[in-house]
Amino acid sequence: MNVPPKTKTHQDGQQLETFSINATLVRLPHLTDFLPDLKPNVTPLESNHFYHPSDTFYLSHSDVIIRRTIYDLSATSLSSSSHLAYLRAGPRKQVFYQPENVRAAIVTCGGLCPGLNTVIRELVVGLWEQYGVQEIFGIKAGYRGFYSMDHVKLDVKMVNNWHKIGGTVLETSRGGFDLQKIVNAIEHHGYNQVYIIGGDGALRGAVNIFNEIQRRKLYVGVAAIPKTVDNDVGIIDRSFGFQTAVEKAQQAISAAHVEAESAPNGIGLVKLMGRTTGHIALKATLSSRDVDCCLIPENPFYLEGKGGLFEFLDDRLAQNGHAVVVVAEGAGQDMIPRTDLASQKDESGNPVFLDVGMWLKGELKRWWDRDHKGELFTVKYIDPTYMIRAVTANATDSLYCTLLAHSAIHGVMAGYTGFVAGPINGNYAYIPMDEIAVTKNEVNTKDHNWAWVRSVTTQPDFDKTENS
């Protein structure tokens with residue numbers, strides 16, 4: 001239904017219209033859903049001498065975050081069906097675990113990402129120092145480590161400097177997901193809290209683990225912390241490691257710009273991470289201002305003809321003598337000659353992408369040799385993917401990782417399970433795992449950010465219908 005405006009008078013006499021918005025709270029799974037006899041306890045934070053809880057320190061079921069915050073205040077835009085609310089993340093006064101009985105497991109899955117070790121460290125420190133949990137274990141090499149490797153006992157002294165190290169000290173791998181073996185191992189080792197750090201493939205696995213634990217009615221809380229450098233996880237504001245990735249991508253763009261400027265008709269070509277979304281390429285382009293063309297999966301492009309990439313680069317080289325092109329790894333996949341490899345998937349179930357960077361480099365050289373035979377031309381190709389993934393998190397991401405870890409701990413201790421911790425509109429929330437596992441965060445090429453990219457680069461829109 002539409003919500004009509006109400007009128008009130010401001011103290012200066014101005015007439016103001018106010019609006020009411022109906023919000024629907026997204027239900028979060030809780031241990032008591034399948035273990036109804038569980039009884040709550042007063043949180044150990046009450047007796048932790050580092051804390052002095054006030055009346056506003058603890059959050060309740062009425063503390064929520066509205067997912068949508070931008071509205072057109074016309075009556076037709078305020079439909080109650082679109083206003084979803086999520087529980088705020090943070091400490092609760094009642095918990096459903098006794099610290100001395102907690103056995104927690106932490107696992108990292110999939111590819112590397114800046115901040116992985118920071119999340120692990122803060123999970124250990126948060127459990128240990130805030131709640132007094134001392135039985136904490138690291139699972140090595142991803143999901144397969146639950147059933148095929150020795151588990152590592154963790155403590156605050158061991159993890160003290162892990163945030164200063166890139167990668168994951170626990171090691172990681174793709175694949176190895178055997179649901180029954182994993183849940184059997186969780187049950188065998190007596191884990192009653194499981195923290196999963198991973199991307200979309202790991203999140204899909206986490207949903208299955210939670211569902212199986214619920215089916216078996218095990219006293220085990222499951223929380224996930226989304227890890228994807230590409231920033232393609234939906235609902236949350238951004239994934240950890242993304243800001244670091246953009247910062248490092250800028251350095252690669254700067255190097256490509258220097259190389260391009262230092263050669264006649266030089267092109268600096270940079271391939272950045274982004275299999276299905278172009279967030280890193282977009283933000284790095286806006287941040288550097290040295291980019292002449294940004295190519296992302298959400299905005300198909302073409303090479304030949306009016307309005308194509310070659311025509312644009314021809315003009316740019318004629319004007320400036322050099323150009324910088326940034327391409328996300330998932331862009332242009334429909335133009336690259338298909339092979340048997342194209343239909344394969346990696347061990348996480350993600351499609352294996354063909355190398356758009358090497359392909360585009362070859363196409364650029366063929367174009368120049370064909371249309372500018374005998375003229376000097378250079379393409380310097382830079383692929384910083386593994387350099388970016390392996391670095392430590394910058395200050396912004398490091399703080400973000402800490403808040404994600406502590407949010408997850410508070411949620412699990414309060415008995416919530418099957419959730420992801422993450423920020424929505426700048427505030428940390430708990431989101432059902434099955435909802436976030438199927439939601440993608442794609443670049444909206446109709447919004448202001450993409451318009452800003454176009455205005456900064458003055459690149460074509462690659463719309464063949466308008467350019468035919």
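Two strands are taken to pair if DSSP finds at least two bridges between them; helices (H or I, at least four residues) and strands (E, at least two) are DSSP runs, numbered from the N terminus. The model is predicted, so local features need pLDDT of at least 70 and side-chain atom pairs count only at pLDDT 80 or more, whereas totals for chains, interfaces and linings use all residues. Residues are numbered from 1 along each chain as its sequence is written, and side-chain values use heavy atoms, with hydrogens and water left out.

Strands β13 and β16 pair in the parallel sense over five bridges. Within this pairing, Val 270 stands opposite Ile 382 of β16. Strand β16 (residues 378–382) has a covered face, formed by Val 379 and Tyr 381, and an uncovered face comprising Thr 378, Lys 380 and Ile 382.

Asn 265 lies in the loop between α5 (242–261) and β13 (266–272). The phi of Asn 265 is positive, near 50°, although the residue is not glycine. Thr 458 is partly exposed, at 46% relative accessible area.

Helix α1 (residues 116–131) reaches 22 Å from its first C-alpha to its last, close to the 22 Å expected for its 16 residues, where the expected span is 1.5 Å times one less than the number of residues. Of the 16 residues in α1, 14 are buried. Gly 132, which follows α1, has a positive phi near 80°.

Definitions and conventions: Buried means under 20% relative accessible area, exposed over 50%, partly exposed in between (1.4 Å probe, protein chains only).
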